[in-house]
Amino acid sequence: MSKTDRFAQKVASDTLPRGYLVASTYAGIKKAISPAPASTDATPKVEPKPDLSLIVSSVPAAVAGTFTTNKFKAAPVVHATTALAEAGPNPRTRAVLTNSGCANAVTGKGGYDDTVTLVNQVRALLTPAAKPDQPTTPSDVLMMSTGVIGVRLPVPTMQRAVHHLVTGQVLQSNADAWYEVARAFMTTDTFPKLRTRQFTLGNRLCSIAGIDKGAGMIHPHMTTTGGLHATLLGIFATDAPIASSTLQRCLDEAVRVSFNCISVDGDMSTNDTILALANGQAPATSEGEPIEGDITEQSHPALVQQFAEELKSMCMEMAHLIVRDGEGAEKFVEIRVRNAGTYEQAHAIAASVSTSALVKCAMHGEDANWGRILCATGYASLPTSSPAWDIDPRKVNVTFMPPASAPGLEPLKTLIDGVPQVVDEVHAAKLLSHEDIIIDMDLQGGSWGTKGQAEATYWTCDFSKEYITINGDYRT
């Protein structure tokens, strides 16, 4: 089965968050910035996928965001981080415009002005003629872009499409419309990534819809607007009544252990962005703790914790889809690092192993090459700690674990206390023939002994010939 058949999912309309309308269209963005040769009669006609989408909340929604730490931040990232900072401690957003085909990165002031032009157009079109004085904020409309770097957006082409999205009576709230929005996010992705889930929060029946995209240029390291962190884009829209500041803290933690723990090729994009919206439109039920106003840690600490776990779980699921759709990927590899000094140190080791080209090639070749794993572990740049912590090579264990799809297989221990083990090649071949590969590294506390108990998990994929083929074409 293709990845689309296995992972693309239509969702049920009754699981979608209340109070959102969405629409998408084909604007011809990539064609406008890089015209293709004229087609001939022999050229098969293919229905183009949408490349521009809009998500609109019926009321200004609480908003939170995490963004790339790449020094060359794309224009939409600069605009969004600036707008959220200017909006103050409780920013609100009415709409998010997203385009694929052009990243609008490394485009200077002109590229920033292009983003502002499109954002202002959406804002003006969403303001009812009967309410021309309706209050606006800097974060009313945010934008995300993905695609080719170093090219400005074809603004006139996009303006016509934006006008259609807002005024063409195409905004809807059904499952098909959300699915098409997920398709509009795609660049080299092989399938649209859309999921929903429902849960009861107090006396509210809440829903979250999550969309993300990414298959190449994936090694996110995102932070909040206060830290300023092909491309990873994501949006999580919920009808739960969560205050903006609380939503930001929940998103920070969710991203820390999900999107900031994946890698396809070790390249951090200029455009990485995850946004979360919460509009409070979830319907009340007859049971549960009544909720009035927005939830905060001070007003409803238990409910905030519950929401944080739901968001974290969903971020994890969506992050895994990106790794599974890695450009040319055939393996889904989980790197577990246990009993390190701090989480940051365990995370750095897991990231080092995950981004090693030699490790990724070994996984593609189904080779239990623990030497490459140790090499990447040994050169990992470890964050400092007090007291200082380091790896003790005499304590390291490396084990290949059976995936959930193969519960009958035994673990394969390749290194115990720093000593290589005799590897049963037949057993190794059975373990590594599976799509899912799990590498468990127990550092046994390193220089801290029993006090070293931190752990982190990273998810990556293999390198295949197809990855080279895809990335040999700059136009992708």
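Two strands pair if DSSP finds at least two bridges between them. The exercises below concern a predicted model.

**Exercise 1.** Which strands pair with β16, and in which sense?

*Solution.*
1. Start with strand β11 (residues 332-340): β11 and β16 pair in the antiparallel sense, over seven bridges.
2. Within that pairing, take V337; its bridge partner in β16 is A456.
3. Turn to strand β9 (residues 262-263), which pairs with β16 in the parallel sense over two bridges.
4. Here S263 has T460 of β16 as its bridge partner.

**Exercise 2.** Why is strand β16 (residues 454-461) described as largely enclosed by the rest of the structure?

*Solution.*
1. The cut-off for buried is under 20% relative accessible area.
2. Six of the eight residues of β16 are buried, so the strand is largely enclosed by the rest of the structure.

**Exercise 3.** Describe the largest nonpolar core and where its residues come from.

*Solution.*
1. The largest nonpolar core holds 112 residues, and W178, F259, F307, F400 and I439 have the most contacts inside it.
2. Helix α8 (residues 301-324) gives the most to this core, namely 12 residues.
3. Domain 1 (3-36 + 48-325) and domain 2 (332-473) each supply at least three residues to this core.
4. Apart from this core lies another one of 22 residues, including I29, L54, M143 and L165.

**Exercise 4.** With which residues is F259 in contact, leaving aside its neighbours within four places in sequence?

*Solution.*
1. Contact requires heavy atoms within 4.5 Å.
2. With those neighbours left aside, F259 is in contact with D212, P220, M222, L232, F236, I274, C315, M318, A319 and I322.

Definitions and conventions
Residues numbered from 1 in each chain as written. Predicted model: local features only at pLDDT ≥ 70, side-chain atom pairs only at ≥ 80, totals over all residues. Heavy atoms only, no water. Core = buried A, V, L, I, M, F, W, Y, C linked by side-chain atoms within 4.5 Å. Buried < 20%, exposed > 50% of the residue type's maximum accessible area, 1.4 Å probe, protein only. Helix = DSSP H or I, 4+ residues; strand = E, 2+ residues; numbered from the N terminus. Domains from an automatic or database assignment.
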